[in-house]
Amino acid sequence: MPQPSASLFPEKLPAAVPVLLPLPLAGAYDYAVPEGLHVEPGSFVVVPLGPRRMLGVVWDRPPEAGLPNIKLRPIIEVLPAPPMRPALRRFVDWVAAYTLSAPGAVMRMAMSAPSALEKPAIRAGWRATGAGTGRVTPDRAKVLEALAEHSPQPGEALPASPAVIRGMAKAGMIEPAVLPQAPRFARPDPEHPGPPLSETQAGVAAALRQRVAAHEFSVTLLRGVTGSGKTETYLDAVAECLRQGRQALVLLPEIALSSQWLSRFQSRFGCAPALWHSELSPGIRRDTWRAVAEGAAPVLVGARSALFLPFPDLGLIIVDEEHETAFKQEDGVVYHARDMAVVRARFSQAPCVLVSATPSLETIANVEAGRYTELTLPTRHGGASLPSIEVLDLRATPPERGRFLAPPLIEAIEQTLARGEQAMLFLNRRGYAPLTLCRTCGHRMQCPNCTAWLVEHRAQRRLQCHHCGHAEPIPPRCPECNAEHSLTAIGPGVERVQEEAALLFPDARRLVMASDNIPGPAAAAEAARRIEDREVDLVIGTQIVAKGWHFPHLTLVGVVDADLGLAGGDLRAAERTVQLLHQVAGRAGRAEAPGRVLLQSFSPEHPVMQALLTHDIGRFVAEEKAQRAPDHWPPYGRLAALVISGEDAVETARVARDLGLAAPVMAGVQVLGPAPAPLAMLRGRHRHRLLLKAERGIAVQPLLREWLDRVAVPNAVRVQVDVDPVSF
Ligand code: ADP
Ligand code: ZN
């Protein structure tokens, strides 16, 4: 084949490289590499963008790349940071393609500490030069003595005023020196003695260790009833990963509620792991990012965004409570961290372990199809038995008028408290009452920005929208008919259950656990400590209390409204309710004393109640499958949602209609809608939804891309793509 003649090109071409910027742009931009500057794919570089300077990453040249262009603007600077590894770059590209996001928007999560990179963490101090022309005054002598003993030292640690130090520097007696970084991340010790594992645990742990030692991609479901000791077992796999000298990543759904988990880690490995979540201070964020990149953080525990950290040698990913919807990121790049963890593990040639007592149907389907393997811990650790579960039929034994706790539940709480044990009441609803109604005209207090009722928060004397944050004082009169003292609270929230409990059990020490009074990790840890130390008799809480807590003295769990999650048309409602209630029930009777769970329900015959009652999740899964599989609902088919939103009702509806008309037509593909989205109005924006459902073998991304290309969308309207939506 004829080669292009060299004479076609000017003599000295600046090499050009594509640079991906952390912006929601289509792709990478080309920049010239000035002579003498060494860059490679993955290098962190500072480049000009318009009038700004911006940090980006040298990306990989696509094979069809064009000719270098002399007019390209040059790279300004290469940062002394380890280049982003190919495994992470491939992962970024893959997530972008899968979620239909701009690669730059995904890469932004992988940079996540841009300012930190621009200013490498250097701390300045002083050291003696052994020379200089100045007179050695008594003050100066003290400084030289201190530096002789320990050097370098920060200025503020020296026994002299800043003026003296400045004078000494001027005289050449001392000079600036970089202080060594204090290692912030201790090395967890894999040989630190942990509790001896039971025989079953040991068998499962050995299988997990084998997967870690194999240095190969694999996915394992670690399934075990609540309290079976899953954590202790997978920590053994983390130990193996440390012995292999590779890094381990543990994803937890809510780091803020993980104080007990962290102290277990501490006692297993003798030190704390590195942490990653949205509330880290910028300094710690920067240090953590660097420590991960340099391999100095052997174990990192994080929220979903930790998947995008620059691990050079990832050897294991654990996703604990893999069924949790908290792993789904709903805005910006819409992705499910459980699924992306599997992809990250694949690019890193590492095993991924998904952990749950009630795995998602997705994961179960993957096990059934042979894509994932399964390991099980069938019994509770230490001979504790699973709690006994009863459904309280509210039609047969209703609560008193205006109350929410039925007599058998009240009696059970009394007995539990009398035995000196702890009880818990669960209601997944914040505030005092979910609905405020005018008794005179029937008017319901609604959010001005959302299709949602306002929730009364009595302690603050306010009505709040739980979707947009709108809040207003409780009005003295009905805004519709002007009637006085006519607005009435309808239905219970945790505050109202607490009010009833105060009447019924005045001597019990009560604690409410809801996001309103547990704002962060410190408050959650303190609440957990109070329960552990038996400073509390009765816990009343929202889904916060359903997390993996281990409270040995808690023996009774009452679910105030077991039907709550089943309302609404969401196909996944039953699955989620089983998972949540099973999880709450699992808080009862985790030590010697047996646990008891009472579910208040108006529909005891519902398959969800039956599944919980019989502990037979398998049968429930089979029934769900029988319902979903014939119509190819996930996980037996693929699903993507388009949510069309805008402030202008007419324009938004028009775009939704246009998209509906342009929908792909193909065998095995079905498009549903447009229809009002589950929240038809949110933050003042009208929302419509289209669902694309396809049989499993069909890749939906190309269909979605072509579909979106066919319709012009005005700037004021937004179309958000959600591949694998969690509710449908
Ligand atoms: P799961 O994660 O399956 O709900 P956990 O790992 O929280 O279960 O274990 C339940 C309780 O049993 C915890 O208090 C844990 O410390 C304890 N435990 C588990 N395995 C062991 C073991 N091998 N030795 C001693 N205690 C254990
Ligand atoms: Zn609102």
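Keep in mind that the model is predicted.

An unreviewed UniProt entry annotates Cys447, Cys450, Cys465 and Cys468 as "binding site". These four are spread over 22 residues of sequence. In space they cluster, with a largest C-alpha distance of 8.7 Å.

Now the strands around that group. β20, β21 and β22 form an open sheet of 3 strands, in that order. The pairing is antiparallel. β20, residues 455-457, is an edge strand, and so is β22, residues 471-473. Each of these two pairs on one side only. On average, neighbouring strands here are turned by 30 degrees against each other, direction ignored. Look at β20 and β21, residues 462-464: 3 bridges join them. Within that pair, Glu456 stands opposite Leu463 of β21.

Where do Cys465 and Cys468 sit? Cys465 is in the loop between β21 and β22. Cys468 is in the loop between β21 and β22 as well.

Buried or exposed? Take Cys465. Cys465 has 20 other C-beta atoms within 10 Å, so it counts as buried. The cut-off for buried is 20 or more. Cys468 has 18 other C-beta atoms within 10 Å, so it is partly exposed.

Cys465 touches Cys447 and Cys450, both from the annotated group, along with Asn449, Ala452, Leu454 and His470.

On to the second group. The UniProt record, again an unreviewed entry, lists Cys438, Cys441, Cys478 and Cys481 as "binding site". They span 44 residues in sequence. No two of their C-alpha atoms are more than 8.5 Å apart, so they gather at one spot.

Cys438 lies in strand β19. That strand, residues 435-438, runs antiparallel to β23 and is joined to it by 4 bridges. Leu435 stands opposite Ile490 in β23. Strand β23 itself covers residues 487-490 and has two faces. Leu487 and Ala489 make up the covered face. Thr488 and Ile490 make up the uncovered one.

Cys481 is placed elsewhere, in the loop between β22 and β23. How does the burial of Cys438 come out? Cys438 has 20 C-beta neighbours inside 10 Å and therefore counts as buried. Cys481 has 12 other C-beta atoms within 10 Å, so it is exposed.

Cys438 touches Cys478 and Cys481, plus His443, Glu480, Ala483, Ser486 and Leu487. Leu487 belongs to the covered face of β23. Cys481 touches Cys438, Thr440, Cys441 and His443.

Last topic: the helix pair. Helix α4 is residues 138-149, and helix α5 is residues 162-170. Their axes come within 10 Å and cross at roughly 80 degrees. α4 and α5 are therefore roughly perpendicular to each other. Which residues of α4 and α5 make the contact? On α4, they are Asp139, Arg140 and Val143. On α5, they are Val164, Ile165 and Met168. By class, the contact of α4 with α5 has 4 nonpolar residues, no polar ones and 2 charged.

To recap the cysteines: Cys465 is buried, Cys468 is partly exposed, Cys438 is buried, and Cys481 is exposed.

Terms used: Residues numbered from 1 in each chain as written. Chains lettered and ligands numbered in written order. Predicted model: local features only at pLDDT ≥ 70, side-chain atom pairs only at ≥ 80, totals over all residues. Axes fitted to C-alpha atoms, helices over the stretch in contact; angles between N-to-C directions. Parallel < 35°, antiparallel > 145°, perpendicular 65-115°, else oblique. Contact = placed C-beta atoms within 7 Å. Nonpolar A, V, L, I, M, F, W, Y, C, P; charged D, E, K, R; others polar. Pairing = 2+ DSSP bridges. UniProt positions renumbered as here; feature names shortened; annotations may be inferred. Lists of a residue's contacts leave out its neighbours within four places in sequence.
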